[in-house]
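Please read it alongside the sequence and the coordinates.

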Amino acid sequence: MNATSNRSTVVLTDQQAESITRSEELAYELRISEVMTRNVRAASPEMQMKDVVEIFRKTGISGMPVTENDHLIGIISMEDIFHCLMEGDLNAYTTQYMTPNPYTVKDVDLVVEALKVFVATGVGRLPVVDTEGKLSGIITKGDITRGLLKVLQSKTQEEEMRRYRASHLFEDIESDRTSLILRYTIKQHDFVHGGAASSNIKRALLRLGASPQIARRCSIAIYEAEINLIIHTNNGGIIRVEIEPHQITIDVTDDGPGIADVEQAMKPGYSTASEEIRELGFGAGMGLANIARCVDSMKLESVLGKGTRLRMKINLESKDTLGESNPNSMEKR
Amino acid sequence: MNAEELIKTVEGTLINPDADLSKEIKGGCGADLMSDVLASIQPEAVLLTGLCNPQVVRTAQMADVSAIVLVRGKLPPQETIDLANNERIPLITSPYGMFELCGRLYQNGLKSFESSVADGDCSCEQFS
């Protein structure tokens with residue numbers, strides 16, 4: 001795991017793109033104390049090198065910190081052992097062959113700090129010290145990989161849990177008619193955030209167990225309506241989405257300026273958008289036609305000078321029910 | 001076609017390295033008007049466009065687009081890159097123009113994922 005190597009690479013394999021870049025992100029979130037190995041066995045200055053060799057041999061470790069009164073004073077690596085063996089000096093004390101004042105990292109530091117030291121120095125392990133300089137653990141590249149994988153896995157499980165919970169939301173609630181209402185306030189001319197509401201609605205629908213097709217149809221219709229609020233209204237408007245197990249009802253309202261000729265507005269290619277709006281990629285005159293294509297029923301009412309109300313409905317078949325167990329929500333688990 | 005092959009074919013550069021490159025690209029669609037894209041594009045396509053604002057990414061997200069190629073070497077503003085990173089949609093810039101890129105991809109076996117207007121009849125009923 002290398003903190004700098006993959007940032008600038010243009011093409012990665014799928015798996016690399018999936019895990020490395022996200023784990024790089026995590027390296028900036030996780031603390032060293034969360035991934036390091038604790039309760040590390042340390043050598044003392046009074047120990048002889050032959051004792052250390054014996055410990056290496058028995059436990060399979062290849063490095064060991066040396067401490068005095070819990071404070072780190074050095075580290076013994078395989079290289080130090082070889083050096084000692086070549087000298088035939090196994091009765092020497094650890095202090096004679098250890099590497100004194102080794103590179104260390106602090107347990108409160110971010111994992112990325114350890115990665116930087118690994119890259120810069122080429123060492124295989126780093127002793128971890130607390131704020132008082134006492135040894136609190138040891139960290140290797142393997143510890144980091146394991147720690148990151150654990151978090152990545154739990155994050156995936158988190159999203160799965162959310163989906164699972166939401167996709168069964170309505171099951172335990174008894175009423176004559178249960179529904180979930182989402183409301184979003186849209187500002188006029190806010191192109192930077194435009195689409196955020198549709199994006200959130202799409203995510204919500206998928207968590208509630210919607211099929212990709214239903215989520216797509218619904219979010220395209222709402223996105224077009226959201227963009228209409230941004231382009232055409234005086235004061236923005238409200239999107240209200242009511243989700244029931246068997247239908248999604250969307251109500252988009254604003255307080256003006258209203259549409260002069262609703263019938264004409266519905267015609268594909270008809271647009272009143274300004275040149276400026278067209279340069280932004282909108283105003284093709286396809287918005288309402290797109291909505292009509294995506295929903296099962298719609299009604300556009302408008303009073304010039306007063307405002308516009310667009311109502312849309314998508315009916316869900318029993319295999320696509322929301323908030324109740326369905327084949328989609330089962331599949332995603 | 002996968003993202004790697006796409007980048008090679010368009011001789012492009014990936015702008016957001018955090019993107020999800022694992023999505024298969026099954027077809028293509030080229031347009032600069034986002035409503036035209038939403039009206040015609042089928043899921044899992046590459047979107048070729050000259051438009052660089054964040055709405056390109058939003059449109060791609062709503063329409064389940066697998067990758068976006070910006071034509072004529074355009075570099076998008078930071079808001080667009082940030083949004084593409086959040087949504088993990090690959091944003092690729094290519095020095096070539098729209099016609100050239102459509103041709104290259106088509107020649108490499110990528111099908112059109114633009115449904116014709118003739119197919120797009122409105123099956124919608126009046127609201128009840």
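1. Chain A exposes about 17,200 Å², and carbon and sulfur atoms supply 49% of that area. Accessible areas come from the Shrake-Rupley method with a 1.4 Å probe. Of the 333 residues of chain A, 46% are buried, meaning under 20% relative accessible area (1.4 Å probe, protein chains only).

2. This is a predicted model, in which local features need pLDDT of at least 70 and side-chain atom pairs count only at pLDDT 80 or more, while totals for chains, interfaces and linings use all residues. Residues are numbered from 1 along each chain as its sequence is written, chains are lettered from A in the order in which they are written, and side-chain values use heavy atoms, without hydrogens and water.

3. The radius of gyration of chain A, taken over C-alpha atoms, is 31 Å, whereas a compact globule of 333 residues would have one near 20 Å. The globule rule is 2.2 Å times the number of residues to the power 0.38. The C-alpha trace of chain A spans about 100 × 50 × 35 Å along its principal axes.

4. Chain A has 13 helices and 11 strands, taken as DSSP runs (helices H or I, at least four residues; strands E, at least two). Among its contacts (heavy atoms within 4.5 Å) between residues at least 6 apart in sequence, 62% join residues at least 24 apart.

5. In chain B, the axes of helix α3 (residues 54–62) and helix α4 (residues 78–87) come within 7 Å and cross at roughly 20 degrees. Therefore α3(B) is roughly parallel to α4(B), a label for angles under 35 degrees.

Key
Axes fitted to C-alpha atoms, helices over the stretch in contact; angles between N-to-C directions. Parallel < 35°, antiparallel > 145°, perpendicular 65-115°, else oblique. Buried < 20%, exposed > 50% of the residue type's maximum accessible area, 1.4 Å probe, protein only.
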